[in-house]
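My entries follow in the order I made them.

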Amino acid sequence: MSDWFKRSFKLAGVCCVLAGALVSQAAAPIIPPAPDIAASSYLLVDAASKKVLVEHNAHARIPPASLTKIMTSYLVEQEVSSGRISLEDQVMISVNAWRTGGSKTFVREGTMVSVDDLLKGIIIQSGNDASIAMAEHIAGSEAAFANMMNQQAAVLGMDDSHFTNATGLPDSEHYSSAWDQAVLTIDLIERFPEHYDLYSQRSFSYNDIDQPNRNKLLWRDKSVDGVKTGYTKDAGYCLVASAVRQGMRLISVVMGTDSDQARMRESQKLLSYGFRYYETQSLYEADVMLKEQDIYYAEADTISLGVADDVVLTFPRGYYKDIEAELEVPRVLEAPLAAGDEVGELKLKLHGEIIFEAPLVMLTDAPEAGMFSRLGDFLTLFFKELLDF
């Protein structure tokens with residue numbers, strides 16, 4: 001995941017039309033500067049293409065407060081999806097979980113509570129008691145669960161994160177970054193779509209106590225469907241928000257704002273900017289032929305070329321038709337070649353400037369032909385070289 005994610009960020013660029021399209025003579029795209037954001041660290045990224053649209057101090061290591069619970073819920077969802085636990089399982093509430101301060105689901109010591117209710121308590125109510133109860137249930141102790149959190153962070157390439165607890169309560173060795181929170185959120189949405197609707201629920205009632213979701217953007221913006229708020233004195237007011245408009249999902253992260261109103265306002269500014277000035281399209285599917293190319297010394301006369309990964313790109317809104325695609329392949333390809341071998345390059349240009357590059361790969365094997373067929377190709381190439389000379 002980590003290498004793929006970093007590669008996706010690097011390759012993310014501007015959209016294209018099919019090969020052979022003519023370059024438009026329209027003016028080059030002009031994107032207004034991003035709005036000023038009153039936060040110590042922030043990031044706006046497209047979830048599908050991984051293109052970063054806005055960032056500031058995105059790798060700064062900052063106390064994440066209850067944004068921590070995105071990782072906590074991620075691990076719970078991972079355990080449920082793997083079948084190691086179920087939503088119906090009953091969890092014993094320990095004294096440690098019951099006594100924890102801060103935001104609560106109000107579970108009671110010594111009672112049995114379902115994983116389903118605890119997961120809702122973590123996500124919707126930001127319950128510290130629910131978070132510790134699940135950590136103890138999964139790993140035996142909160143410290144052991146923190147080790148699981150750090151192992152998962154390493155798998156995802158969250159290089160600026162270290163967790164010491166499941167809640168986000170202050171600890172000098174507990175930190176994360178806007179970048180890492182975006183990485184985690186995108187993977188959570190992609191891996192656990194069956195659980196993700198919990199992040200859009202506006203309230204949850206447990207023990208006859210109804211509590212609203214602290215993400216007030218869920219009321220203000222119908223396109224917002226998650227994800228999590230956080231607050232401590234050291235962290236300030238934080239919010240990871242996710243929104244979908246016309247099939248385009250954006251993730252915004254703001255950390256270190258000075259109020260609940262500010263984290264909502266600054267998140268809304270980022271999302272509005274991204275949706276207004278950018279669009280995202282899925283252009284090429286992996287393993288679908290983009291070009292048929294002659295090949296020599298092979299059993300077949302031609303081979304099919306495509307891209308190894310889906311090409312999903314975010315680009316300035318309204319400039320879809322202004323892009324040219326070029327498929328560059330050597331004049332002569334010779335067998336043997338195997339499926340997946342890189343034999344060319346896809347280049348996308350906007351007004352003459354290369355804005356995206358990806359390898360063209362073999363879609364099928366091209367084994368070497370028999371001796372007589374190879375001799376025929378040798379003579380063909382020999383006379384072609386003479387004519388070219």
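**Entry 1**

I looked up the strand order and found an open sheet of 5 strands, 2-1-9-8-7, with antiparallel pairing. Strand 2 and strand 7 are at the edges with a single partner strand each, so one side of each has no neighbour in the sheet. From one strand to the next the twist averages 5 degrees. The model is predicted, so I noted that local features need pLDDT of at least 70 and side-chain atom pairs pLDDT 80 or more, while totals for chains, interfaces and linings use all residues. Residues are numbered from 1 along each chain as its sequence is written, and side-chain values use heavy atoms, with hydrogens and water left out.

For the terms: helices (H or I, at least four residues) and strands (E, at least two) are DSSP runs numbered from the N terminus. Two strands pair if DSSP finds at least two bridges between them.

**Entry 2**

Strand 7 (residues 224-232) is joined to strand 8 (residues 236-245) by 8 bridges, and the two run antiparallel. A hairpin of 3 residues links strand 7 to strand 8. Gly 226 has Ser 242 of strand 8 opposite. Strand 8 also pairs with strand 9 (residues 248-257), in the antiparallel sense and over 8 bridges. In that pairing Tyr 237 stands opposite Thr 257 of strand 9.

**Entry 1: helices**

I checked what lies across the sheet. Helix 7 (residues 178-191) lies across strand 1 (41-46), strand 2, strand 7, strand 8 and strand 9, and runs at about 145 degrees to strand 9. Axes are lines fitted to C-alpha atoms, for helices over the stretch in contact, and angles run from 0 to 180 degrees between N-to-C directions.

Next I took a helix pair. Helix 2 (residues 68-82) and helix 4 (residues 115-123) pack at about 155 degrees, with axes 9 Å apart. They are therefore roughly antiparallel, a label for angles over 145 degrees. The residues in contact include Thr 72, Val 76 and Val 80 of helix 2 and Leu 119 and Ile 122 of helix 4. Contact means heavy atoms within 4.5 Å.

I also checked the length of helix 10 (residues 260-277). At 1.5 Å a residue its 18 residues should span 26 Å, and the end C-alpha atoms are 26 Å apart, which agrees. The expected span is 1.5 Å times one less than the number of residues. Helix 10 is mostly covered, with 13 of its 18 residues buried.

I looked up cis peptide bonds. One joins Gly 226 and Val 227, with omega about 20 degrees; Val 227 is in strand 7. Another joins Ala 335 and Pro 336, with omega about 5 degrees. Pro 336 sits in the loop between strand 14 (323-328) and strand 15 (342-350).

Last, I looked for positive phi at residues other than glycine. Asn 57 has phi of about 50 degrees and lies in the loop between strand 2 (52-56) and helix 2. Ala 65 also has a positive phi of about 50 degrees, and its place is the loop between strand 2 and helix 2. Asn 57 is partly exposed at 43% relative accessible area, whereas Ala 65 is buried at 1%.

Terms used: Buried means under 20% relative accessible area, exposed over 50%, partly exposed in between (1.4 Å probe, protein chains only). Angles under 35 degrees count as roughly parallel, over 145 as roughly antiparallel, 65 to 115 as roughly perpendicular and the rest as oblique.
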